[in-house]
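Subject: Structure handover

Hello,

Here is the structure I said I would pass on. My notes on it come after.

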Amino acid sequence: MSILGTRVHRVEDPAFLTKGGTYTDDLTDERLAGALHLTLVRSPIAHATITSIDTSAAKQAPGVVAVLTAADCDLEPVLVFDRANKKMVRPYLATDRVRFVGEPVAAVLTEHPYQGEDAAELVDVDYDPLPAVVDVEAALNGEVLLFPEAGTNVATAKGSADPGAGFFADCEVVVTKQILNQRVAPAPLETRAAAAAWDDGRYTVFCSNQNAQGTRDDLAERLGVDVADVHVILPDVGGGFGAKIGADPEYVLVAWLARRLGRPVRWSESRSENMTGLVHGRAQHQTITIGGDRDGTVKAYQLKIVGEAGAYPAFGAALPNLTGMMARGTYDIARKHSSYVSVVTNTTPTGAYRGAGRPEATQAIERAMDLFARAIGMDPADVRRKNFIAPEQFPYEITDEISYDTGEYAKALDLALRSAGYEQLRAEQARRRERGDTKLLGIGLSSYVEITAGGGASENGSVEVHPDGTVTVLTGSSPHGQGHATAWAMLAHEQLGIPMEKITVRHGDTDQIPEGAGTMGSRSLQTGGIAVHKAAGELVELAKQRAADLLEADVADLVVDKDVAAITVAGVPSARKITFAELAAQEQLRVHTEWDAGKATFPFGAHVAVVEVDAETGKAAVQRIWAVDDAGPVLNPLLFDGQRHGGIAQGIAQAMLEEVTYDEDGQPLAASFADYGIPSAAELPSFDLVGMETPTDANPLGYKGIGEAGTIGSCPAVQNAVIDAVAHLGVDHIDMPLTPVRVWTAIQQAAGGAK
Amino acid sequence: MDFFRPDSLAEALAAKAEHADAVPIAGGTDVMVELNFDHRRPAALLDLGRIVELHEHGRQDGKVRIGAAVPYARIIDELGRELPGLAMAARTVGSPQIRNRGSVGGNLGAASPAGDSHPALLAANAEVEIASIRGTRMVPVKDFYTGVKRNVLAPDELITAVHIAPATGAQQFSKVGTRNAMVIAVCAFGLALHPDQKRVGTGLGSAAPTPRPATKAEEFIATELDWESPKPLADSVLRRFGALVAEAASPIDDVRGSAAYRRHALAVLARRTLGWAWSEHLGGGRRACA
């Protein structure tokens, strides 16, 4: 029986549960001996010119070795997102102007971390406040510019906001709505940390990150050195959610300081720093317009996005493009139009966060479908069924280059509805409404399709069997909680028969593994995993060739006896067996391979959420959620469901709890865990995970990605459910998060302010 | 920063008399947050962790005396029967870790309008025991709070205990927050029936600059309730009670909620908690819970 598809316990966990992980801040590596500690002085003001910085008092403070400002720094300001307006470059330490609360202004280096905290307070920065640009309307009107030399606050834009005359002309019903996909904080449990040494003309950088090789390349470019002169090592990483991709400005600074000061430098941010210093996600202001006929046919859909790039355009500025590409969701809509403008504001820059561009697309189309269903008086499930892309329409082209690979959208929704007992739920909802129950029931649906391995579907891997029978797997992928060590070992074991416990998976060291794309965009299994699968297969072939002479048999007659991890002759029980270890003892037995699917895959699914809303207080509670998440065959249900659990929790959290807010001066209002609502178990029901497997043709095992699907599916289902609970009171939309105050206010407004 | 660690209450009071600017710290669930965020940097900390009498509870003059540093977890486990309202409030405080450290004394010392124990203390007519080298005094909790995060303590005084009469009737506590736990309340309400005194005690949280009772609501409901031969309450009475509780509030708009929402929600919480408590008093039902 194959190990694939079975519930193998995570090989990572015994260490995590006993001695604990070794994160960047825990390192005792000798290369970091005598390291200085970096403390950053960060701007307390959202928008200001810096008139002077006096570091003299700080330099006298105990333990201070150096205090540096932009005047001391020769790093070239960087255009973080390279297709943004070229003038919107970010300095590593603020030069003449600060553009968000939390922007680094000065670097304090001390012998011990606590000395840095004290000395940082002695750095005297004179700020001359400028009006803060906080909301996107103010950014668009451009009265105040963050980068006067750019002449605009628009970082990047695509498409006309006008779909053209006649776009909705043949529609019997057209509904339009402005909705907000609010700004949220990725909040990985391990905050960012980096440690760097410069020795013999070469940088060694340890950091908390999702892609060692890409970060090495970023560092080399920004430090102005050869790629060969940067060695990046990733220790254990405590979560990333997309927000730890590439070299953060702080990481570049840490490396630069190590060279400049001639001593290793370490930096580890506090939670407060993380909440303003790490990128935020989402932050899209959307206008959705949907048109169609009363029979339920949707004919035209327009999505207009104003995205918040934050103070310095990073990857977040580009994400509305992906949202636009995925705008149609699972529906075969005759006319689809999307456009976006990404603007800079005096807020934390935005970047990737679990789903990154796709949740925003799904939220918009799934809200649109509910609004349309409401307008024509049809059940939201029926409207969806009427418009799904049918199985026979695949591959379904969404751009000139990209097509949805495989999908069974109606089947997924029907399975979710059947699992949930949709008819009974609707009946219970009606009964409660009829008897005037204050505890209203809401039922929300979502159908989703998302793109995984969208940023490139290649990865490398190598498998080596050692003479002692152990195996080393090297991968360019970069786990930070997903369970690659377990999954990759399963893939190698499946073909070699060598026991899991003898297989070691290594990653995240650019000297050992010079190439790699890392872990993001739900790409790892279908890229890095398949590379290992392919390498193991090639290693078997190599072993057969070497064994053929020894066994005096034809290569075609050889097979792997997995029970003993050996090559033997097919159908001859008495034949000699030569183990992989014996072959390795004769000559190195190693295969390195590249895998490139050449295309992305498109997991899909449907979620049904049931919420109870207290009509008097507006408090909504998620009672149940049924999730059909189809990402093709499942390698390990434990890992697969783990990804769904975390994803669903984060999707529910965005719907119900989380929002990064600013006041009109650009001061963050939710910059600690006291004010920012990450979810706890007390807010979440037990999840009903329903299985469905539709393989892709993009790789030999049929795998698609599961890392982000839960978030993408659960968030719109929950938002739709809460709105559904109060729909009969005249409410057709409530922006997230659906806090008691917001739900109550919406009920009051729908009632015409009565009461 | 100086750090004092007295072994006895006498030593602590002496230290506080000598160092008026020393901030007392027990569980640290408020003080450490302020220190970590650099909201305050006191000249000295006065650690109460070793003082045995602050960590004990017992009976005194028929009342329950809870040492100022007794953590919420122990109030829940050991005093839930005698002080059901306070125990209900204590269950909503933070996380298990916070409940293992945080105490009523700390809540009173911080005097935040959002402190979870205040509504229950107000509804139960608790008294605060305050000590200094000058002696000990008792202050009714409704007179204890003087402003946002301010109280009647003189610079040389420490909170040593709260005294609460064991419940003689049903008690309730309810709050609205974004999350179910580990969140600062949008608003909270505590209620206690005192059949022995033929009155109802109330307490509002996160609804005014200080925690406060809803005096007019208490007066109204005292005249409406028939303690001799209890009958179910008319909905109009419950609603009037709720409206009077809302009137007692003077809430603000902030990041957690609007003033209008807080008033409305308090009216709902007051109506519901009174209904639950009165049902329990009638003997008809088990204790309801928000």
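This is a predicted model: local features need pLDDT of at least 70, side-chain atom pairs count only at pLDDT 80 or more; totals for chains, interfaces and linings use all residues.

Residues are numbered from 1 along each chain as its sequence is written, chains are lettered from A and ligands numbered from 1 in the order in which they are written, and side-chain values use heavy atoms, with hydrogens and water left out.

Chain A overall

Chain A contains 18 helices and 28 strands (DSSP runs numbered from the N terminus: helices are H or I with at least four residues, strands are E with at least two). Its radius of gyration is 27 Å, which agrees with the value near 27 Å for a compact globule of 755 residues (taken over C-alpha atoms; the globule rule is 2.2 Å times the number of residues to the power 0.38). The C-alpha trace of chain A spans about 90 × 75 × 50 Å along its principal axes. Of the 755 residues in chain A, 62% are buried (buried means under 20% relative accessible area, exposed over 50%, partly exposed in between, with a 1.4 Å probe and protein chains only).

Chain A is divided into four parts: domain 1 (1-28 + 192-268), domain 2 (34-130), domain 3 (281-452 + 600-750) and domain 4 (454-596). These bounds come from an automatic or database domain assignment. The C-alpha centres of domain 1 and domain 3 of chain A are 33 Å apart, and 12 residues of domain 1 of chain A are in contact with 12 residues of domain 3 of chain A (contact means heavy atoms within 4.5 Å).

A sheet in chain A

Four strands of chain A form an open, mixed sheet in the order β21-β20-β19-β25 (two strands pair if DSSP finds at least two bridges between them). At its edges are β21 (503-507) and β25 (589-596) of chain A, each of which pairs on one side only. The twist from one strand to the next averages 15 degrees (axes are lines fitted to C-alpha atoms, for helices over the stretch in contact, and angles run from 0 to 180 degrees between N-to-C directions). Strands β19 (residues 458-465) and β20 (residues 471-475) of chain A run antiparallel and are joined by five bridges; Val465(A) has Val471(A) as its bridge partner in β20(A).

Helix α13 (residues 484-496) of chain A lies across β19, β20 and β21 of chain A, at about 130 degrees to β21(A). Helix α14 (residues 524-551) of chain A also packs on the sheet, where it touches β19, β20 and β25 of chain A.

Cis peptide bonds in chain A

The bond from Phe394(A) to Pro395(A) is cis, with omega near -5 degrees, and Pro395(A) lies in the loop between α10 (380-387) and β16 (396-397) of chain A. The bond from Met736(A) to Pro737(A) is cis, with omega near -5 degrees; Pro737(A) is in the loop between α17 (709-725) and α18 (740-750) of chain A.

Chain B

Chain B is divided into domain 1 (1-46) and domain 2 (171-282), with C-alpha centres 35 Å apart. In helix α4 (residues 84-91) of chain B, seven of the eight residues are buried, including Leu86(B) and Met88(B).

Ala111(B) has a positive phi near 55 degrees and is buried, at 1% relative accessibility. Lys198(B) has a positive phi near 50 degrees and is partly exposed, with a relative accessible area of 43%.

Regards
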